[in-house]
Amino acid sequence: MQHSNMVQFKKEVSNTHFFIYRGKQFPFNFNFFRIASNFFIRNEESLFPSKNIQLLDKCDEETIDIDDATIRHFIQYVHQIPIPLQDNNAAILNFLGHKYEINELISCTEDYIASHQSDIVVDLLSIQQNDPKFDTTTYEKIISDNFLKYINEDNILKLKIST
């Protein structure tokens, strides 16, 4: 009779670096990002020596609000841990996917956004409104056609008057 046992490597992969966002540290393992992110691959020599890496540029940090849970989900995604993709985090995760050039994250968030765009249009616009390459026309039309639906959303006040 043949016996078998299931075994699993249980040692956790240690964190090596920290993303810094508004003074808070979010630990992550650089090696996972080196595999997943074209940005990390291209900038490895300048990023690796610094243990603290600004999550966003200072100008983006002033205008884009990211809750702690979404930053942790971003890191978990790259660490190959399943994360929830929801209305409240899809636009930010898409933004971070583009910033750090993580193609798989971009793809899955774009699919989610396409399926739920009327529910997250204000979040998406508030994040992308400073990007001159981003065409806001479609999203502005969705909001104007359904203005009463969006008027009570907190993020509507973060939109520029021109938007």
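Guide: Contact here means heavy atoms within 4.5 Å of each other. Helices (DSSP runs of H or I, at least four residues) and strands (runs of E, at least two) are numbered from the N terminus. This is a predicted model, where local features need pLDDT of at least 70, side-chain atom pairs count only at pLDDT 80 or more, and totals for chains, interfaces and linings use all residues. Residues are numbered from 1 along each chain as its sequence is written, and side-chain values use heavy atoms, with hydrogens and water left out.

Visitor: What pattern does the protein chain follow along the sequence?

Guide: Start with the parts. The protein chain has nine helices and three strands. Read in sequence order, they give β-β-α-α-α-β-α-α-α-α-α-α.

Visitor: What percentage of the 163 residues of the protein chain count as buried?

Guide: Buried means under 20% relative accessible area, exposed means over 50%, and partly exposed lies in between (1.4 Å probe, protein chains only). The C-alpha atoms fill a box of roughly 70 × 45 × 25 Å along the principal axes. Among the 163 residues, the buried share is 38%.

Visitor: How many bridges join strand E1 to strand E2?

Guide: Two strands pair if DSSP finds at least two bridges between them. E1 covers residues 17-21 and E2 covers residues 24-28, and they run antiparallel. The number of bridges joining them is five.

Visitor: Which residue in the turn of the E1 and E2 hairpin has a positive phi?

Guide: Two residues lie between the strands of this hairpin. Look there for a phi of about 50°. The residue is Arg22.

Visitor: Which residue in E2 is the bridge partner of Phe19?

Guide: Phe19 sits in strand E1. Follow its bridge across to E2. There you reach Phe26.

Visitor: How is the aromatic pair of Phe19 and Phe40 arranged: stacked or edge-to-face?

Guide: Rings of Phe, Tyr and Trp (its six-membered ring) pair if their centres lie within 6.5 Å; planes under 30 degrees apart count as stacked, over 60 as edge-to-face and the rest as tilted. By this rule the count comes to 15 aromatic pairs. In this one the centres are 6.3 Å apart and the planes stand at 90°, which makes Phe19 and Phe40 edge-to-face.

Visitor: How many residues apart are Phe19 and Phe40?

Guide: Both residues are buried. Phe19 belongs to strand E1, while Phe40 belongs to helix H2 (residues 38-42). The pair links distant parts of the chain, and the separation is 21 residues.

Visitor: Why is the pair of Phe40 and Tyr100 called tilted?

Guide: Phe40 is in helix H2, and Tyr100 is in the loop between H6 and H7, 60 residues apart. Phe40 is buried at a relative accessible area of 0%, and Tyr100 is buried at 1%. Their ring centres lie 5.8 Å apart; the pair counts as tilted because the planes meet at 40°.

Visitor: Where does the charged end of Lys51 sit?

Guide: A charge sits over a ring if NZ of Lys or CZ of Arg is within 6 Å of the ring centre and within 35 degrees of the ring normal. Lys99 gives one case, over the face of Phe39 at 5.9 Å from the ring centre. The charged end of Lys51 is 5.3 Å from the centre of its ring, over Phe48.

Visitor: Which helices pack against the buried residues of H6?

Guide: H6 spans residues 90-99. Eight of its 10 residues are buried, so H6 is largely enclosed by the rest of the structure. Among them are Ile92, Leu93 and Phe95. The packing partners are helix H4 (58-63), H5 and H7.

Visitor: Which residue just after H5 takes a positive phi?

Guide: H5 runs over residues 68-78, and its buried residues include Ile71, Phe74 and Val78. What covers its buried residues includes E1, E2, H1 (30-36), H6 and H7 (103-128). Just past the helix, phi is about 65° at Gln80.

Visitor: Which residue has its backbone nitrogen 3.0 Å from a polar atom of the side chain of His79?

Guide: His79 lies in the loop between H5 and H6. It counts as buried, because its relative accessibility is 16%. Leaving out residues up to four places away in sequence, His79 touches Asn15, Phe28, Asn29, Phe32 and Phe33. The backbone nitrogen at 3.0 Å belongs to Asn29.

Visitor: How many disulfides does the structure hold?

Guide: A disulfide is a pair of cysteine sulfur atoms within 2.5 Å. Cys59 is exposed at 55% relative accessibility, and Cys108 is partly exposed at 28%. The number of disulfides is zero.

How values were computed
Polar contact = N/O pair within 3.5 Å; in protein donor to acceptor, adjacent residues only side chain to side chain.
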